[in-house]
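This briefing covers strand pairing and aromatic contacts in one protein model. Please read it alongside the sequence and coordinates.

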Amino acid sequence: MRVLRIVWAGYLAMTALCAAAAPQMRTVIVEAIERGYREVPVTVTVTPPAGMEAVKVELGAMRVPAQWERSGNRMAVTWIVRNLARGQRNTYRMTFLRSAPVARTHSVVRVGNDLEIRLVGETFARYDVTTGPNKPFFYPVFAPGQAQVVRGFPIEPKPGETNDHPHHQGMWFTHGSVNGEDFWSLSQSKTTHTGFANLSSGPIYCGFTAGTAWIGKNGATIARDTREVRAYILDGARVMDLTITVRPEGAPLVFGDTKEGSFGLRLADSMRLRGGGGHIVNSEGIADGATWGKRARWVDYYGPVGDRVVGVAILDHPSSFRHPTYWHVRDYGLFAANPFGVHDFEPGKGASAGNYTVPVGGAIAFRYRLVFHIGNADDARIADRWAEFASPPRVTVK
């Protein structure tokens, strides 16, 4: 028994010694290899010493605002890198702390069953899981200056507003042919919210994860998706990063070739190309109505709201399915990324050219960055913002 006590005491002493020897500080090098960066978030995932629940990030003598989240024994630390010129490197010191206050500059707030994203205290967007009738969606959505960039109808109709396409509700993700069923229109097939997780608020970003079930006309669930949402203010714009991962439930999942999809929003009437004062431009230099059905890395749709010009850009990440995606972007204000509608967008291809089957156990992922900005695409540096999104700085942890 005495031998066991000695062995146990030795084990505890060794454990304490290892914990004490664990690094209390890390060095993080952030490098601009191929391009410069005006303002870009970086995330570093590390294993903190036992008992450490917070971090302090410093660049030289300057403390850098940072945000962290724990997942098991790992910690993801995020901060904003600013004005990093091509060829330049910043060396940060990351010190682990037992605790530290967190400024909730950006927040996610429950409003009934819904979630509201607030940036510096102002409403950016609300994720509506209540109104339905066949999908969750974001409404309202505001550009800087609280310019409402999505149409009110059918959720909150305004006098003189268009009332076509009642299934165009705010900003949403569905598709018009999934296992032969129409989830895009107001049909019996529906996507239903199943729960929230990972609500986060802080000085750098706020966000959440939402679950969704895809339910067919017969009431059976054919798929489930996970929607990861994170919102920032970057270089004066409101930015939303959105990753949607869809997995089949019980049988293969077939996304069919149709232009009626997939991730989209319906812009305010005043921003429309036809009937408003808006314009459309894409990454390939194509403009206005000619952008429909084309493949591009990004598209920006901008126009007047009140007394100012605002815009929405959707940036398609290189890891997103079928990048660069096709765009179902219409002159009347529909703005959608659709990687499936190949035969509609490229006449002459077979009716099933855009079909894609996700096997059981597999997944399909869509990754977008949305930039809600003031001015036109050049004013908002949309080409540069796509490059920053697609190819962030190189990060090395020592």
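The model is predicted.

**Sheet**

- Five strands form an open sheet with antiparallel pairing, in the order β4-β3-β7-β1-β27.
- The edges are taken by β4 (62-64) and β27 (394-397); each has a single partner strand, so one side of each is left without a neighbour in the sheet.
- From one strand to the next, the twist averages 30°.
- Within this order, β3 stands beside β7; strand β3 (residues 54-59) and strand β7 (residues 89-97) are joined in the antiparallel sense over six bridges.
- Val 55 has Phe 96 in β7 opposite.

**Aromatic pairs and cluster**

- There are 23 aromatic pairs in the structure.
- Phe 340 and Phe 366 make an edge-to-face pair, with 6.1 Å centre to centre and 70° between the planes.
- This pair links distant parts of the chain, 26 residues apart: Phe 340 lies in the loop between β24 (334-337) and α2 (342-345), and Phe 366 in strand β26 (residues 364-374).
- Phe 340 has a relative accessible area of 0% and is therefore buried.
- Phe 366 also counts as buried, because its relative accessibility is 0%.
- One aromatic cluster is formed by Phe 173, Phe 183, Trp 214, Phe 255, Phe 321, Phe 340, Tyr 356 and Phe 366.

**Charges over rings**

- Arg 230 places its charged end over the ring of Tyr 205, 3.7 Å from the ring centre.
- The ring of Tyr 37 has the charged end of Arg 35 over it, 5.6 Å from the ring centre.

Key: Residues are numbered from 1 along each chain as its sequence is written. This is a predicted model: local features need pLDDT of at least 70, side-chain atom pairs count only at pLDDT 80 or more; totals for chains, interfaces and linings use all residues. Side-chain values use heavy atoms; hydrogens and water are left out. Two strands pair if DSSP finds at least two bridges between them. Helices (H or I, at least four residues) and strands (E, at least two) are DSSP runs, numbered from the N terminus. Axes are lines fitted to C-alpha atoms, for helices over the stretch in contact, and angles run from 0 to 180 degrees between N-to-C directions. Rings of Phe, Tyr and Trp (its six-membered ring) pair if their centres lie within 6.5 Å; planes under 30 degrees apart count as stacked, over 60 as edge-to-face and the rest as tilted. Buried means under 20% relative accessible area, exposed over 50%, partly exposed in between (1.4 Å probe, protein chains only). A charge sits over a ring if NZ of Lys or CZ of Arg is within 6 Å of the ring centre and within 35 degrees of the ring normal.
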